[in-house]
Amino acid sequence: MQWKGVIERYRSYLPISSETPIVTLNEGNTPLLFAEGLSEKIGLKVYLKYEGTNPTGSFKDRGMTLAVSKAIEDGAKIIMCASTGNTAASAAAFAARSRRLKCVVIIPDGYIALGKLAQAMAHGAQVIAIKGNFDDALRIVKEITDNYSVALVNSLNPYRIEGQKSAAFEICDVLLNAPEFHAIPVGNAGNITAYWKGYQEYKRLGKVRTKPKMLGFQAAGSAPIVQGQIIKKPETIATAIRIGNPASWKQAKEARDESGGLIDAVTDDEIIQAYKLLAAETGIFVEPASAASVAGILKLHGRGYFDQGHGDKIVCTLTGHGLKDPDTAIKNIQQPVVLNPDIKEILKEIGL
Ligand code: AN7
């Protein structure tokens, strides 16, 4: 039977009625891949939840199907978000899919990856770039959506969190329990909030016996939760998580503390190393922000954090596809050699 998206699959766990018009791109049902090399390195069973196979190439589609369906049910004509790129791409696609919503996105000029900008534009969103960062954009979008009849589809919208919790359900449905640890990049902190909600609900309903320790990772130059203060000028190569004042800050700390986990920072160098390792050794191409979860567990392994955990399972969410950000890929990976169309030259280069 064809997969029909996260609302159809998890309808009874979601605030959906028979009246809700469902807008879906058949998102979700993403692969959970065992990572042999990483498991050997770390001494736990490492699984990768690869969200890059969602229709717009990131986890945002899980929440957007719900946010957009509910916006239409509530009579909205226009949806709006601030975005470091992926939310914009997803909102634009679902608005197009609905065939009735106008979509407006506000992005930080010069700091969104090329693929995401291309998506938002291709799907016909109105794209407004501001001379400011994501936090400035979100402040403006909140003010507009508070005062005009425009639906906010950032993760402050509770339906976004409801949809995104489906990723935790999928993991539990495959592993037949929760993993011992769950590692995840943290930007605006909606996703760590959503996963923790999903895991808690499955535990409460008796679908799983345990809950994971939540391990969140921010980029070192954009780590307000780790530093305990707003970062006015966040910086990182991982533009998706270049956020200095996360909307779900409080909920992220609750996820960390209630689960007995942690939120730590990883440097851009650590992110790029993990990014290259994933591409070269697991066959999974992610965008830089996504590699923060793997960079994070490698860092924790380095300081002996997992030493007691042999045999345990850890799931890393890989939030978005590598093709989102071709510039970073080309800058950080070896360039092709250019040769004449001469078979001898080419054989020599290959070493045959
Ligand atoms: C690939 O699109 O905030 O902690 O505006 O695109 O839930 O914010 C994106 C965030 C991780 C962080 N990985 O998730 C946006 C936006 C990728 C992302 C995050 C984002 P949250």
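Student: Why does Glu8 count as partly exposed?

Tutor: This is a predicted model, and its values are computed. Glu8 has 38% relative accessibility. Buried means under 20% and exposed means over 50%. Glu8 falls in between, so Glu8 counts as partly exposed.

Student: What makes Arg11 and Glu8 a salt bridge?

Tutor: Their closest N and O atoms are 3.0 Å apart. The cut-off is within 4 Å, so the pair qualifies. Arg11 is partly exposed because its relative accessibility is 30%.

Student: Which partner does Glu73 have?

Tutor: Glu73 forms a salt bridge with Lys70, with the closest N and O atoms 3.1 Å apart. Both sit in helix α3, 3 residues apart, about one turn of the helix.

Student: Why is Lys70 called buried?

Tutor: Lys70 has 9% relative accessibility. Glu73, at 29%, counts as partly exposed.

Student: What does the salt bridge between Arg303 and Asp264 tie together?

Tutor: Their closest N and O atoms are 3.0 Å apart. Arg303 lies in the loop between α13 and β10, and Asp264 lies in strand β9, so the pair ties together parts 39 residues apart in sequence. Asp264 is buried, at 12%.

Student: How many cavities of 30 Å³ or more does the search find?

Tutor: The search of the whole structure finds 1. The largest cavity has a volume of about 320 Å³. It is lined by 28 residues, and Phe59 and Lys60 are among those nearest its centre.

Student: How do the lining residues divide?

Tutor: The lining has 11 nonpolar, 14 polar and 3 charged residues. Its largest share, 3 residues, comes from α9.

Methods:
Residues numbered from 1 in each chain as written. Predicted model: local features only at pLDDT ≥ 70, side-chain atom pairs only at ≥ 80, totals over all residues. Heavy atoms only, no water. 1 Å grid on protein atoms, 1.4 Å probe; cavity = no way out; pocket = protein on both sides within 12 Å on 5 of 7 lines; lining within 4 Å. Points joined across faces, edges and corners; volume = space filled by probe spheres on them. Helix = DSSP H or I, 4+ residues; strand = E, 2+ residues; numbered from the N terminus. Nonpolar A, V, L, I, M, F, W, Y, C, P; charged D, E, K, R; others polar. Salt bridge = Lys/Arg side-chain N within 4 Å of Asp/Glu carboxyl O. Buried < 20%, exposed > 50% of the residue type's maximum accessible area, 1.4 Å probe, protein only.
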